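These are my notes from one sitting with the structure.

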Amino acid sequence: MKENDLVLKTVTRLVVFIILTFGFYLFFAGHNNPGGGFIAGLVISSAFILMFLAYDVDKVLEALPIDFRLLSITGAFVSLSTAIAPVFFGKNFLYQTDWYVDFPYFGQVHLSTITAFEFGILLVVVGVVVTTILSLSGGRS
């Protein structure tokens, strides 16, 4: 591939936004429809991988100073804490609590502890997939 592939770089700017939007849609649709943290994490990871393919890996990591290993550790901590926390309140492991909250302009929104658990899964998947791809490519992981 040429060093300055103008078409790939131009398309990447638009497509990354679409991929990230679709990933967040899959995340929030996950507890009611097919989707959730795992598939949304894979889709969001593909946006990072596309940026790494279109631009130099070091430039992308400089623009987005994310430590993907720390991201996966944080996600594991979030998921484990939401799974274990109900035990301290006399509930079962992985007990789910639901709320319906009224927000201005959005109306009634369904919130659940499953959303926090799935967010942790999303962080783990993004961290592990991007770290693996960076390691396999010989780049900084």
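How much accessible surface does the protein have, and what share of it belongs to carbon and sulfur atoms? I found about 9300 Å² of accessible surface, and carbon and sulfur atoms hold 69% of it. I note here that the model is predicted.

**Overall build.** I looked up the secondary structure and recorded five helices and two strands. Read from the N terminus, the order is α-α-α-α-β-β-α. I then took the box along the principal axes, and the C-alpha atoms fill roughly 60 × 35 × 25 Å.

The protein has 141 residues, and 28% of them are buried. Among contacts with a separation of 6 or more, I found that 58% join residues 24 or more positions apart.

**Charges.** I looked up 7 positive and 9 negative charges in the protein. Their mean positions lie 6 Å apart.

**Helix H2.** I checked the length of H2, which covers residues 37-54. Its 18 residues should span 26 Å at 1.5 Å a residue, and the end C-alpha atoms are 26 Å apart, so the two values agree.

I next asked which residues of H2 are buried. The list comprises Gly37, Ala40, Gly41, Val43, Ile44, Ser45, Ala47, Phe48, Leu50, Met51, Phe52 and Ala54.

Against which helices do the buried residues of H2 pack? I recorded H1 (6-29), H3 (57-63), H4 (68-84) and H5 (113-137) as the partners of these buried residues.

Notes:
Residues numbered from 1 in each chain as written. Predicted model: local features only at pLDDT ≥ 70, side-chain atom pairs only at ≥ 80, totals over all residues. Heavy atoms only, no water. Helix = DSSP H or I, 4+ residues; strand = E, 2+ residues; numbered from the N terminus. Buried < 20%, exposed > 50% of the residue type's maximum accessible area, 1.4 Å probe, protein only. Contact = heavy atoms within 4.5 Å. Areas by Shrake-Rupley, 256 points an atom, 1.4 Å probe, with all protein chains shown as cover. Lys, Arg positive; Asp, Glu negative; His and termini not counted. Charge placed at Lys NZ, Arg CZ, Asp CG, Glu CD. Expected span 1.5 Å × (residues − 1).
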